[in-house]
Amino acid sequence: WFAMEEGQILTEAEAIMSYGKVLYKDIDCFVSPGVWYLTAILFKVFGVGLNITRLVMAILFSLTVVLVYLISSTAMTKRYAVFAASMMFIQKALVFPLGIFINYTEFAVFFGLLTVYLLLLYVTKKYRYLLCLSGISLGLSMIFKQNIGFVLFLGSLVFLFVYYRTLREILTFILPTGLILGLTLLYFVSKGATKDLLHRLFSMPFNGFYQESKVPYLPIHSLWRFTQIEVFQYFPSLFWVEYVFYYKPHVSPYLIPLVKTIVVFLYFLPIYLCVVFGLRVLKKHKIARVEFLLFTGCIAIFTTTFPRSDFVHLMQGIPGWLILGAYIMYTSKYCKLVSLNLFPFILIAGFSILLIINQPCSQLLIHPRCKVYLIPHHYDAITKTMGWMEKNIPHNESVVVIPSDAMYYFLSDRTPPFRYTVLFPTNISYDKGKRVSEMIEDLKVKYIVYNPCQIPGIPPFEKYGAILYGYLSNNYTKACSLSNEFGEYL
């Protein structure tokens, strides 16, 4: 199971490192540049490969768990801090294997949490250098993902204006953030990419990707069965694809309500905590500094969930809510309420352990650029596709992979012929694929690797890329078709 986004980041980072490409100018991108250039540096130091980035993500996740504990132990007792950190630890099983892929959101969440932690320390210790460090951390969060950093920036400014109101504190916080953003902007100005950067960070997401790929927050269509959209968007990925539906197709109907109960609880957790927290603030007619910071962190990190509110994105935004939930339990006067809150988390922990015990990755893929365990049928699809490409497509020949998986470019050491990979509706829906069709024609591309897989929740390729689909149908013939027991994949 290779994520298309992971392959895209790896391929484009290699292009930055090896061919001097500049993000935004030479490569389309609608997210802050941090993870691409970090990956390029990793490739420069450790060599080009998949495993180094996955190792970095494992280290980052471990640090995030530690950070959740530190924030919680600063705001409450160690007992509740252990609870929040433990829940953070087990949530990785719910999104396996997507949670180990190199991704910008995980870095933005980490530095966002670090900003909150440093501000909490400043509240208690009053050392001004902590404000400076929190400003640096906020700047790093921004250059990995703009929406998280921007919302946290606004919340932090409100915090400083309300509770401190001195220009010295505010400037100590703002200047390091401004310096990081300024140096980043200066780099792209020096590369002649200013216009492209502004367009792709602030225009492209809303005009292309967000309009086509957003989904409702949580439509529950049926308690006793999975609809197609629910299966793809709203359930733990390991449970959805890697275990039940491929390996246990006759799953007991009693398990479905259990899984839905867990997922519905996690989706409503932010709403529930907002209501409880809001009522408590209204009752006391004030909000403590610690409470304000914890809530600001929750809202900022939760922005990663929108506009796509599928389960994986929800879990990326959940760390802040785990901390706030532990704090509400810590400050609650009602023991029964605390016990009631703990029960769903115990259920989630048990379910996560079940997923870990039954995870089916058993086939080792050994490749010059990676060494990973895969699901057997994924191993079969990847090796056969790579083998066909290696045998039939000369290495210096342009090949277009449609509609997504840039991992094939990375593993085959081939450069995409365009300034972007054809990644779902992100960069072809606004003109139905007309620009891509023209570029394929101009470059005289001979080979297309086409994946007919339809993803629930996203319009069919022939709809959002109608012009491109028509062009391919009229100008290309099928040279080979690969399939397994689960259907055609090439």
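Reply: Burial terms come first: buried means under 20% relative accessible area, exposed means over 50%, and partly exposed is in between (1.4 Å probe, protein chains only). Leu-279 shows one end of that scale: its relative accessible area is 54%, so Leu-279 is exposed. Leu-279 lies in helix H13 (residues 255-284). Over the chain, buried residues make up 55% of the 490 residues.

The model is predicted: local features need pLDDT of at least 70, side-chain atom pairs count only at pLDDT 80 or more, and totals for chains, interfaces and linings use all residues. Residues are numbered from 1 along each chain as its sequence is written, and side-chain values use heavy atoms, with hydrogens and water left out.

The chain has 22 helices and six strands. These are DSSP runs, numbered from the N terminus (helices H or I, at least four residues; strands E, at least two).

Now the rings. Phe, Tyr and Trp (its six-membered ring) pair if the ring centres lie within 6.5 Å; planes under 30 degrees apart are stacked, over 60 edge-to-face, the rest tilted. The whole structure holds 24 aromatic pairs. One of them joins Tyr-80 and Tyr-330: the centres are 5.6 Å apart and the planes stand at 65°, so this pair is edge-to-face. It links distant parts of the chain. Tyr-80 sits in helix H4 (residues 78-94), Tyr-330 in helix H16 (residues 319-331), and 250 residues separate them. Their burial classes are as follows. Tyr-80 counts as buried because its relative accessibility is 15%. Tyr-330 has 33%, so Tyr-330 counts as partly exposed.

Helix H16 also carries Trp-321. Trp-321 pairs with Phe-302, edge-to-face, at 5.6 Å centre to centre and 90° between the planes. Phe-302 belongs to helix H14 (residues 289-302), so the pair ties together parts 19 residues apart in sequence. Both Phe-302 and Trp-321 are buried.

Other rings form a cluster. Ring pairs link Tyr-122, Phe-159, Tyr-163, Tyr-164 and Phe-292.
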